Amino acid sequence: MNDVLDIDITKDKEVKVNKGGRSFGFGNITEELYEYICKTLPYGSTILELGSGWGTSQLVKHYTVHSVEHSKLFWDRYHTNYIHVPLKQHKAVKNHDGDVWYDAKILRRAVVGLKYDLLLIDGPPVTRAGFVKYFDIFNPHVIMIFDDVNRKKDNSIMNSIASKLEVPYITYGAGTEKLFGVINDPIWGEL
Ligand SMILES: C[S@@+](CC[C@H](N)C(=O)[O-])C[C@H]1O[C@@H](n2cnc3c(N)ncnc32)[C@H](O)[C@@H]1O
């Protein structure tokens, strides 16, 4: 990726593109998460991803991927189905940090009617409280993967959604630094 600076539209903050971003882990999905998807989701299925990066280039090998992306640095990099959605400030969400998320009005319009089998929540970079606030935008019946649930704030997002839907979640990656959690994990049907 280019070592260039981008401007965060809502906060005027410079965002540096990490050159080490061409591998699993770091800011990208881990190899374990990638393998979980390959094992769980039949090839040819459709993924809706919040936040695109190098990991997207791996997923498109087997899946149709629609990527919601706020940063123009990452628009249209790995496929032709990008959904360009700027960030926007929203009212605070009780029990959750942060008040900047995708512009829900634009996202809703772009996603309505879209059919997908798996939702990967891996963006936007700083705060994801908007996912709880605007959850009705998404299909609650698909497999939902929450990356970075080793972080307290991301874990609480997954917890809120699981409580809202009254369903369990499974956390993967025990013993590693980067955990992901899954709601509507098909493995539940096999337990
Ligand atoms: C956690 S990353 C998303 C990673 C993606 N799901 C993957 O597995 O490659 C969240 C956001 O960080 C930004 N981003 C992606 N790659 C980056 C990089 N190499 N350095 C800095 N920011 C990056 C994008 O704006 C993206 O929406």
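**Group meeting talk: a walk through a predicted chain**

Let's start at helix α1, residues 31–40, where L33, Y36 and I37 are buried. These three cover an arc of only 95° around the axis, so they sit on the same side of α1. That arc is taken from the directions from the helix axis to the C-beta atoms. "Buried" means that 20 or more other C-beta atoms lie within 10 Å of a residue's own; with 12 or fewer the residue is exposed, and in between it is partly exposed, with C-beta atoms placed from the backbone. On the face of α1 turned away from the buried side you will find the exposed residues E35 and K39.

Before we go on, a word on what you are looking at. This is a predicted model, in which local features need pLDDT of at least 70 and side-chain atom pairs count only at pLDDT 80 or more, while totals for chains, interfaces and linings use all residues. Residues are numbered from 1 along each chain as its sequence is written.

Now the overview. The chain has 5 helices and 11 strands. Helices (H or I, at least four residues) and strands (E, at least two) are DSSP runs, numbered from the N terminus. Of the 191 residues in the chain, 36% are buried. Among contacts between residues at least 6 apart in sequence, 54% join residues at least 24 apart. A contact here means two C-beta atoms, placed from the backbone, within 7 Å.

Back to α1 for a moment: what do its buried residues pack against? They pack against α2, β8 (118–121), β9 (143–147), β10 (169–172) and β11 (180–183).

Let's take β9 next. Who are the partners of β9? With β8 the pairing is parallel, over 4 bridges, and L120 stands opposite I145. With β11 there are also 4 bridges, but these strands run antiparallel, and D147 stands opposite F180. Strands count as paired if DSSP finds at least two bridges between them.

Another strand to look at is β3, residues 46–50, where 4 of the 5 residues are buried. Strand β3 runs parallel to β4 (residues 64–69), joined by 5 bridges, and L48 stands opposite H66 in β4.

How many residues does the largest nonpolar core have? The answer is 42, and those with the most contacts inside it are I47, L118, L119, I121, M144, I145 and F146. Such a core is a set of buried Ala, Val, Leu, Ile, Met, Phe, Trp, Tyr and Cys residues joined through C-beta atoms within 7 Å. Take I47: leaving aside neighbours within four places in sequence, I47 is in contact with L59, Y63, V65, Y116, L118 and L120.

M158, in helix α5, counts as buried, with 25 C-beta neighbours inside 10 Å. Beyond four places in sequence, M158 is in contact with F146, V149, Y169, G181 and I183.

Now the ligand. It is surrounded by 21 residues, and the closest are G21, N28, G51, G53 and G55. By class, the shell holds 7 nonpolar, 11 polar and 3 charged residues. Ala, Val, Leu, Ile, Met, Phe, Trp, Tyr, Cys and Pro count as nonpolar, Asp, Glu, Lys and Arg as charged, and the others, Gly among them, as polar.

Finally, some backbone details to find on your screen. A cis peptide bond, with omega about -5°, joins G123 and P124, and P124 lies in the loop between β8 and α4 (129–133). N95 is not a glycine, yet has a positive phi of about 70°. You will find N95 in the loop between β6 (87–89) and β7 (100–102), and N95 is exposed, with 10 other C-beta atoms within 10 Å. D148, also not a glycine, has a positive phi near 65°. D148 sits in the loop between β9 and α5 (152–165) and is partly exposed, with 19 other C-beta atoms within 10 Å.

Technical notes. A residue is near a molecule or strand if its C-beta atom, placed from the backbone, lies within 6 Å of it.
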